[in-house]
Amino acid sequence: MKQTTKALAAMTIALSLVGTSTAGQVQASNERPVERVIVKLGEQAIQDASARKVTTANNGDGQIVTLEVPEGQSLESFMAELAKRPDIEYVEPDVQVELAAIPSDPFYAGYQYHHRLIGSESAWDRTIGNSDVLVAVVDDGFDLAHPDLTGRIVSPFNIITGKPGSVSVELHGTHVAGLIAGNMDNDEGGVGVAPGTSIMPIDVFDGEDGFISDVAAGVYHAVDQGADIINMSLVAYSDTKILRDAVNYAHSKNVLVVAAAGNDGISSPYYPAAYKEVVSVASTDALDQHSDFSNFGKTIDIAAPGTGVFSIFPDGLFGGLDGTSMSTPIVSGAAALLKAQEPKLSRTDIAGRLMLTAKDLGSAGKDDYYGHGRLDVDRALSLDASHWSNRLSGATRYETAAAISKAGWSSASTVVIATGNDFPDALAGGPLAYQENAPILLTKGDSLHPAAAAEIRRLKPGKAILLGSNGALSTAVETQVSQLVNDVKRIGGTTRYETAAMIAEKIASDHAVVSSGQNFPDVLSVSPYAAKHGIPILLTRPNALPAETKSALAGKSSTIVTGGTGAISASVMAQLPGATRYGGANRYDTGKLINQGLPMGTQKAFVATGTNFPDALAGSVLAAKKDAPILLTAANSIPSPTKSLLPAYPAFSLFGSKGAVSPDVKFEVDLQLR
């Protein structure tokens, strides 16, 4: 039974075919206000104008200067004033200029409106793509001999026959390929979004017939042949394991898959576009309106022009088509430009960048018709990274701790060192480290980690504080630290509860935080607050208050209890002075309650995984220094309690590598900054 529809049948031909006659080009003028003038002048004029001179340059038989227009004076009056002087040869506006890559292709200006909407010309000033970037087009046939594809084609393959280079010649695949990478300035047809990229045509149709097994085979072939991006301007009506597995394979190999949402004007999900791992593309028209034929729904990620979009046809022809089949290669071309400009971007980075920088249309934020908005490739390529969240991370937890230290300290008189193998000793160390203005560095228990050693050498501290007994940090570690730091002290008890109590003795406060010594999540949320306010952190068993903790609480007037009754029972809480509990149904609910009830500043927030302890614990002192909370997330998505806190902050930093806090989480964070 057939599982796909022929891609050509899913779109309609719009307007008539256009032959090879030329079309006029119009370039819009958009000069910016001029605030300087250029003057060619003699020696006396140079001396008189020196107070306002910006630059000078030798220019043949005279000297050129540029002058700022005086405040309160118009450009015209200033030029008229200068022109009256006998020692000035001429004066003219110092007009601002822009790079402008305007193709000479005959149908570019008159027909390919989509380039104007998505900002192609400005994007091309940065890159027209790179032949090292390979876009596989899984489609029907291609006119490999079309002049607009000359030099763009790499390793075409026919899945049906199993033969390389033997693809059929069809309208749809040719049109799609031209939208991605049609040549620029070859006086033929139009131009693709990424005219410098390479195309791998993969024919998966046998005449009018297409089967999901052939499409899946095309995906595997594309990945194995080195594709960076796979364009799939086709749809299947049902979710199949074979296609899902193929998409997951591409995903695992860092290949971006971009697919059409479908052209039935309905909200039903179509595949592969509906898969989470695929960028699903809806269609818009020349007025940035949703195309009537375009499917919609919650799986839509982004929109791009798809109504009356012009590209090449076989036999040297050029014409317009409607369909999400046309929107999809426009997005794939934009992805290829990003990959060319920043080769190290992952598939998730590219997808996220395109969606973050899209022009928001329809309802504010992501909606069912435009997804995150209509593609804006110029904005995607000119993204100001400082506007978005940054990541403080290393390849390991030890290197991440060092990266956090570098971000907060150019030097330090003290460093605090804890084991990165287990959490208890480091849990209580945040307030002490903040009091000492010291970063927390992590190491293995049996030897000083090279990343920690290198950071100690950089900071040049006079004192080091080791947290934990010899069982946590061995004497070998202590010896290695003493070779780098003159004064080495250890705070370590026989149990985690005693170590926390010994640390608390160093912090003068009438208050205390009491958290479970059996797990770490709740302390991650409260640690910046405790550190900032000089409140020691003590540990307890869930159902029994340790004697060491009870002794350390003597004289305290109030305690902050973190976690629900499963973490600290009501009977333990009853033994704590002036206790207030912040505990939710899970670690993320608890984190929300802590951040609402014990607020930090609102200028920045840090985001860290709530499923492991090292990154947030090492970052707690930096967060305290920045008067910022730590918000906890799951590895691949932000839980709703945490997500509800994001709108309160205008800036974010992430603690940990992509393995700890995934690019998907970063994308969700960055959406708050659009």
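What volume does the second largest pocket have? I looked this up and found about 700 Å³. Grid points are joined across faces, edges and corners, and a volume is the space filled by probe spheres set on the points.

**Entry: basis of the work**

I worked from a predicted model, in which local features need pLDDT of at least 70 and side-chain atom pairs count only at pLDDT 80 or more, whereas totals for chains, interfaces and linings use all residues. Residues are numbered from 1 along each chain as its sequence is written, and side-chain values use heavy atoms, with hydrogens and water left out.

**Entry: the chain as a whole**

I noted 24 helices and 29 strands in the chain. Helices (H or I, at least four residues) and strands (E, at least two) are DSSP runs, numbered from the N terminus. Of the 674 residues in the chain, 56% are buried; buried means under 20% relative accessible area, exposed over 50%, and partly exposed in between, with a 1.4 Å probe and protein chains only. I also looked up contacts, meaning heavy atoms within 4.5 Å. Among those between residues at least 6 apart in sequence, 73% join residues at least 24 apart.

**Entry: lining of the second largest pocket**

I returned to the second largest pocket, which 30 residues line; closest to its centre are Lys-276, Asp-301, Met-355, Asp-664 and Phe-667. Strands S13 and S14 and helices H10 (347–356) and H24 (663–671) each supply at least two lining residues. H10 gives the largest share, 5 residues. By class I recorded 13 nonpolar, 8 polar and 9 charged residues in this lining. Here Ala, Val, Leu, Ile, Met, Phe, Trp, Tyr, Cys and Pro count as nonpolar, Asp, Glu, Lys and Arg as charged, and the others, Gly among them, as polar.

**Entry: cavities**

I next searched for cavities, sets of grid points where a 1.4 Å probe fits but cannot get out. Rolling a probe the size of a water molecule over the atoms shows where empty space is left. I found 2 cavities of 30 Å³ or more.

**Entry: backbone geometry**

I checked the loop between strand S13 (256–260) and strand S14 (278–284), where Pro-272 is found. A cis peptide bond joins Tyr-271 and Pro-272, with omega about 10°.

I then looked for positive phi values. Ser-155, not a glycine, has a phi of about 50° and lies in the loop between strand S6 (134–139) and strand S7 (157–158). Ser-155 counts as partly exposed because its relative accessibility is 42%. Asn-254, also a residue other than glycine, has phi near 65° and sits in the loop between H8 and S13. At 35% relative accessibility, Asn-254 counts as partly exposed.

**Entry: helix H15**

I listed the buried residues of helix H15 (residues 450–459): Ala-451, Ala-452, Ala-453, Glu-455, Ile-456 and Leu-459. They pack against helix H12 (397–408), strand S19 (414–419) and strand S20 (440–443). Lys-460 follows H15 and has a positive phi, near 55°.

**Entry: helices H7 and H8**

How do the axes of H7 and H8 cross, and within what distance do they come? For H7 (residues 212–224) and H8 (residues 241–252), I noted an approach within 9 Å and a crossing at roughly 10°. H7 is therefore roughly parallel to H8. Axes are lines fitted to C-alpha atoms, for helices over the stretch in contact, and angles run from 0 to 180 degrees between N-to-C directions. Angles under 35 degrees count as roughly parallel, over 145 as roughly antiparallel, 65 to 115 as roughly perpendicular and the rest as oblique.

Conventions. On a 1 Å grid over the protein atoms alone, a cavity is a set of points where a 1.4 Å probe fits but cannot get out, and a pocket is an open set with protein on both sides within 12 Å along at least five of seven lines; lining residues have an atom within 4 Å of a point.
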